[in-house]
Amino acid sequence: MNRTGTTRRTFVAGAAAVTGAGVVGVAPTARAAVPRSPGPADVPDRSVAVLGGGVAGLTAAHELAERGFRVTVYERRALGGKARSMDVPGSARGGRRPLPAEHGFRFIPGIYHNLPDTMRRIPFPGNPNGVFDNLVAPGEMMFARTGREDLRFPIPWPGHRPERLTLDELRRALTALLDTALHLPLHETAYFVNRALVFLTSCQARRDEVWERTPWWEFTRAARMSVDYQRILAIGVTRNIVATKAEEASTRTVGTLGEAFVLNALGRGADGPPDRILNAPTNEAWIDPWVAHLRALGVEFRIGWTLREMRYGDGRITAALVDDPQGGRHAVTAGHYVCALPVEHARRTWGPALRAADPQLARCDRLRTDWMTGIQFYLTERPPLVRGHVNCIDSPWSLTAIAQAHHWTGGDFAARYGDGVAVDCLSVDISEWDRPGILYGRTAKQCTREQVAREVWAQLKAALNDTGHQALKDGALHSWFLDPGVDGLGTPHPTNEDELLIHPVGTFHDRPRAETRVPNLYLAGDYVSVDIDLATMEGANAAARQAVNALLDRSGSDAPRCAVRPLFRAPEIEALRRHDLSRYRLGLPNALDLG
């Protein structure tokens, strides 16, 4: 992305010149008595403590280090946050790497612009565009229907080579298309198209006020429609796009992202294909090279350090109270503090005085999170699945999945990972944890870890093996791995360390800005108010850029500001949106709104 002023090369050279082991003041203390933190005059203004090492924290560190700031990142668990991959303990044999696992599969659609810009600036051997060149585009996707033929869609894109189809596969595809069309009454299809056009032509004021307070279920009149309409166009859309319930999801959020994906599929304003994934486990393809690059820029990392409190006094943050891996407490001092923790963890560290200093921090208590967690199945045979994402839209636990080995480069899966027997990883996201399953009649939270694995496997088979086409075989199941952030399953009080921000009606107005009223505190995370309005890696990246820009403004820096790209808006629609703004101000509905 073009930027004016000082070049990135100048920034890199300046950051590389910074020496010294400590980039912020760290004062070890006993737990019982934390000494007075140094005042602002005692701390160099160009030092920054980034609290949290997920996508937001690493993005903030990246942008700041390029601009000559001295940065230390404090991360309680592992760099990469929810985006990281991890090793399956004890799974490596014969010199191979451990089996790769993850919180959930990575998905980087073409509607993203800010995150891909960062990826292009992370060097990777042999890649002219850095780790960005590790993105690959699946050529198809599928809606897997339980008890009916599945809907399989190609994803056309310049350079796209469609998968070969056999006569039987063509027959199945046509059967599925006709079956779905016949089960959706014509008037329901027409009505949904009308609702999409109403949203598309709605002005921003109507979106922010009316549609933000209207559930997607109500906007689409799903309660009056057929079961297929509800499963595909109401529930399926919300679970796929925003991982929340259609009955409570904000129409503003669902519609905004749906519009972006449609425009992306049409090639409008896109950074690339609608569907992109990494060509290796996330840490190999992205996070590890990123961390190495940041170290080269002078960024320091403290892994296993947990933020306990943002200490506030004299109108500013005076220290971050952080526990080290051995349990010792430290008062971390810096010129600036970027809080890059997930909202459910960040708000615990904001005391009453800090919340009073900026009311938007207190409003964050109204933001909600829910469970969306990954489980991986390792297989001894490559499953004959679509080469792309599979959405099991009839599954009680709203499962989505992808078989990964086909998309990964760098050698044969069995030769690189595990014991040499597993040849593929079927990575599955569980989006619904509060509905009964088909094996035990229990919710996922009520099941033990082993029961969750068996239930997910059964739901996958129900969706994929139901029409005489056996995609998954019990005999091919090598092992499974459930996200370790989930604990206490099957007990009255299960917990999840990595919940996902959800978007019920009205919560957009509770999302904070990156810039706070506290002059040396900035917020970066997927809960911060950004254009994409969704808990995504793109949102985290954009929020971090906004936080850095606010820091640059307050520090008086003459460094170029970070580019923050909004979602693409089709210029052809702007006249209709201006017309709708006039109607909105007059208290009239959208001109296309049939009610």
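Analyst: A residue counts as buried under 20% relative accessible area, as exposed over 50%, and as partly exposed in between (1.4 Å probe, protein chains only). This is a predicted model, in which local features need pLDDT of at least 70 and side-chain atom pairs count only at pLDDT 80 or more, while totals for chains, interfaces and linings use all residues. Residues are numbered from 1 along each chain as its sequence is written, and side-chain values use heavy atoms, with hydrogens and water left out.

User: What percentage of the residues in the protein is buried?

Analyst: Of the 595 residues, 57% are buried. The protein exposes about 23,800 Å², and carbon and sulfur atoms supply 55% of that area; accessible areas come from the Shrake-Rupley method with a 1.4 Å probe, and for residues only the protein chains shown count as cover.

User: How many helices and strands are there?

Analyst: Helices (H or I, at least four residues) and strands (E, at least two) are DSSP runs, numbered from the N terminus. The protein has 17 helices and 24 strands. As for contacts (heavy atoms within 4.5 Å), 72% of those between residues at least 6 apart in sequence join residues at least 24 apart.

User: What span should helix α16 have, and what is the distance between its end C-alpha atoms?

Analyst: The expected span of a helix is 1.5 Å times one less than its number of residues. Helix α16 covers residues 537–555, which is 19 residues, so it should span 27 Å; the end C-alpha atoms are 27 Å apart, in agreement. Of these 19 residues, 15 are buried, so α16 is mostly covered. Just after α16, G556 has a positive phi of about 75 degrees.

User: How many salt bridges does a search of the whole structure find?

Analyst: A salt bridge is a side-chain nitrogen of Lys or Arg within 4 Å of a carboxyl oxygen of Asp or Glu. The search finds 39. In one of them, the side chains of D271 and R120 meet at 3.3 Å, N to O. D271 is in the loop between α9 (251–265) and β9 (277–278) and R120 is in helix α3, so this pair ties together parts that are 151 residues apart in sequence. R120 is partly exposed, at 32% relative accessible area.

User: Which elements do R206 and D580 lie in, and are the two residues buried or exposed?

Analyst: The closest N and O atoms of the R206–D580 salt bridge are 2.9 Å apart. R206 belongs to helix α6 (residues 204–209) and D580 to helix α17 (residues 574–585), so the pair ties together parts 374 residues apart in sequence. Both R206 and D580 are buried.

User: Which residues are linked in a network of salt bridges?

Analyst: The network links E63, E66, R67, D117, R121 and R545. R121 sits in the loop between α3 (114–120) and β6 (135–136) and is buried, with a relative accessible area of 13%. Its side chain makes a polar contact of 3.0 Å with that of E63. A polar contact is a pair of N or O atoms within 3.5 Å; within protein, one must be able to donate a hydrogen and the other to accept it, and residues adjacent in sequence count only if both atoms are side-chain atoms.

User: Which residues form a nonpolar patch on the surface?

Analyst: Patches are made of residues with over 30% relative accessible area and no salt bridge; like charges are joined within 9 Å, and nonpolar side chains (Val, Leu, Ile, Met, Phe, Trp, Tyr) within 5 Å. V193, L197 and L592 form such a nonpolar patch, with about 230 Å² of accessible area together. L197, in helix α5 (residues 186–200), is partly exposed at 40% relative accessible area.
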